[in-house]
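Please look over the sequence and the structure below before reading on.

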Amino acid sequence: MEIKMICSDLDGTLLQYGRTELEPEVYELIAALADRGILFCPASGRQYTSLRALFAPVADRCAFLCENGGVLYRNEACIGKTPMPRALAEEIARDMWTRSDGQGEVMLSGQNCGYLMERGLGMLDRILEIGNRYQIIHDPSEVPEDIVKVSVYLHEGVGDYVDRFVPRWQQANCAVAGPYWIDTTLANKGTGVRALCGALGIDPGAVLAFGDNYNDTAMLDLVGLPYIMDSAAAPLRQRYPRHTPRPEDVMRALLEGRLA
């Protein structure tokens with residue numbers, strides 16, 4: 001089937017860990033793909049403000065899957081949102097705050113703002129680095145809008161906390177989202193891509209997607225052409241037969257008609 005859209009995770013995939021800016025080649029490829037009628041969509045746990053700034057040179061030619069599928073944007077308009085049940089979101093936030101041994105900081109995400117329960121352990125620095133809108137709060141009840149995602153930032157790494165939080169909150173799609181983050185949402189990247197495809201009239205089988213972590217699997221399982229990063233965990237490399245060290249190489253191969 002002809003590819004109509006490319007969805008890509010950012011941190012650890014299109015944007016390698018530790019980097020804050022995309023290569024100029026990425027913008028060139030997105031523009032060239034758009035000229036061929038292939039839409040590009042960043043699929044990330046980041047909010048819309050951060051994503052639009054990161055993709056500023058080509059933002060008007062992209063769709064945006066934000067907050068791990070909880071919020072969708074196209075042409076500067078929100079075209080989809082999946083709020084969490086309020087009581088559940090607040091319960092998860094309080095659990096992550098109290099049972100992270102003083103090592104976790106919590107972010108509750110609205111449509112385009114992050115509400116931070118912070119301890120000075122680095123989450124605020126990360127939020128400032130990626131350009132998120134934010135407010136500091138002291139209790140989840142202070143969030144004045146729908147909550148679409150609850151995350152815990154663990155400054156020493158997620159390793160000691162995966163078993164503590166992931167099984168407990170499976171009803172909220174709890175998953176590791178990177179070396180320092182565990183996320184919960186009612187949506188996931190799979191439901192987000194499905195909703196985006198429905199809104200734009202694209203068959204999910206005509207979507208190519210890139211990911212590197214467990215919170216990408218719902219998206220990769222849905223699309224017609226999934227790619228996992230070479231740097232992903234061994235179980236993920238075994239699960240998906242198509243591997244790549246750089247999404248840009250696959251995007252260029254698609255443009256040049258070399259994609260097998």
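Two strands are said to pair if DSSP finds at least two bridges between them, and the strands themselves (E, at least two residues), like the helices (H or I, at least four residues), are DSSP runs numbered from the N terminus. The model is predicted, so that local features need pLDDT of at least 70 and side-chain atom pairs count only at pLDDT 80 or more, while totals for chains, interfaces and linings use all residues. Residues are numbered from 1 along each chain as its sequence is written, and side-chain values use heavy atoms, with hydrogens and water left out.

**Two hairpins**

- Strand 3 (residues 63–66) runs antiparallel to strand 4 (residues 71–74), the two being joined by four bridges, and Phe 64 has Tyr 73 in strand 4 as its bridge partner.
- Four residues lie between strand 3 and strand 4 in their hairpin, and Glu 67 in the turn has a positive phi of about 50°.
- Strand 4 also pairs in the antiparallel sense with strand 5 (residues 77–81), over four bridges, and here Tyr 73 stands opposite Cys 78.
- The hairpin of strand 4 and strand 5 has two residues between the strands, and Asn 75 takes a positive phi near 55°.

- Six strands make up an open sheet with mixed pairing, in the order 8-7-6-9-11-10.
- Strand 8 (134–136) and strand 10 (175–176) are at the edges with a single partner strand each, so one side of each is left without a neighbour in the sheet.
- Within this order, strand 6 (residues 104–109) and strand 7 (residues 114–117) pair in the antiparallel sense over four bridges, with Ser 109 opposite Gly 114 in strand 7.

**Helix 3**

- Helix 3 (residues 86–98) lies across strand 6, strand 7, strand 9 (149–154) and strand 11 (181–185), and runs at about 165° to strand 6; such angles run from 0 to 180 degrees between N-to-C directions, with axes fitted to C-alpha atoms, for helices over the stretch in contact (heavy atoms within 4.5 Å).

**Lys 149**

- Lys 149 is found in strand 9 and is buried, with a relative accessible area of 2%.
- A polar atom of the Lys 149 side chain lies 2.4 Å from the backbone oxygen of Gly 45.
- Leaving aside neighbours within four places in sequence, Lys 149 is in contact with residues including Gly 45, Glu 67, Ser 109 and Asp 183.

Notes:
Buried means under 20% relative accessible area, exposed over 50%, partly exposed in between (1.4 Å probe, protein chains only). A polar contact is a pair of N or O atoms within 3.5 Å; within protein, one must be able to donate a hydrogen and the other to accept it, and residues adjacent in sequence count only if both atoms are side-chain atoms.
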